[in-house]
Amino acid sequence: MQSIFLTGEPQSIPDVLAAKDQRAALQAEIFSQNPQGTLLDVKLNIPGPIKNNHYLQKLFAKGCAALEQDLTAQGLKYFLVNSWDRSSGCENFYLLNDAAKSVKEVAIEFEDKNKLGRLFDADVLVKDQPAALSRSKLGFPIRHCFLCERPAKECARSRRHQVAELQDYISKIYEEEFN
């Protein structure tokens with residue numbers, strides 16, 4: 001198996017933080033124009049300094065197509081209001097007129113149903129809420145680590161796994177999806 005992380009522009013912590021600030025500014029702009037809407041912000045969970053390359057773009061596109069299919073199958077009408085393909089990663093911003101809870105339920109099912117979905121972070125936001133709608137507030141279990149059954153946030157914070165191990169896992173998923 002070949003690593004899909006051999007190409008791409010490495011991102012520093014300031015790069016990642018700048019992308020986070022730009023994301024927050026775009027979210028605020030979207031809500032200023034659509035205050036009653038539900039925003040679905042979709043990106044990949046990618047460990048390490050390489051956040052984007054042609055392999056990750058393919059994974060992102062395939063996953064977003066599956067998510068869009070899931071939204072449609074549940075009768076949710078979405079509008080892609082912005083899409084990023086930056087060195088800091090790919091990201092889609094969908095606007096929906098449906099209840100945030102309904103959108104989050106579809107997002108959780110997408111994130112949990114297969115290995116590809118597990119690579120995604122699908123945040124559901126509403127105007128004037130301090131954070132994205134959480135799984136726990138809806139009674140869903142927390143996300144588990146790619147490599148073990150511990151809570152994903154716990155493994156990420158403690159750096160329990162080597163970046164190379166996590167990247168190997170993602171490379172394997174790429175191989176399964178496209179080879």
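**Exercises on cysteines and sheet packing**

The sulfur of cysteine 155 lies 3.5 Å from the closest cysteine sulfur, that of cysteine 148, which is too far for a bond, a disulfide being a pair of cysteine sulfur atoms within 2.5 Å. The model is predicted, so that local features need pLDDT of at least 70 and side-chain atom pairs count only at pLDDT 80 or more, while totals for chains, interfaces and linings use all residues. Residues are numbered from 1 along each chain as its sequence is written, and side-chain values use heavy atoms, with hydrogens and water left out.

**Exercise 1.** Determine how many disulfides the rule gives, and whether cysteine 148 is buried or exposed.

*Solution.* The count by this rule is zero disulfides. Cysteine 148 counts as buried because its relative accessibility is 16%, where buried means under 20% relative accessible area, exposed over 50%, and partly exposed in between (1.4 Å probe, protein chains only). Cysteine 155, at 5% relative accessibility, likewise counts as buried.

**Exercise 2.** Work out the strand order of the open sheet and identify its edge strands.

*Solution.* Four strands, paired antiparallel, follow the order β2-β3-β1-β4; strands are DSSP runs of E, at least two residues, and helices runs of H or I, at least four, numbered from the N terminus, and two strands pair if DSSP finds at least two bridges between them. The edge strands, each pairing on one side only, are β2 (78-86) and β4 (120-126). Strand β1 (residues 38-44) pairs with β4 over seven bridges, and aspartate 41 stands opposite aspartate 123 in β4.
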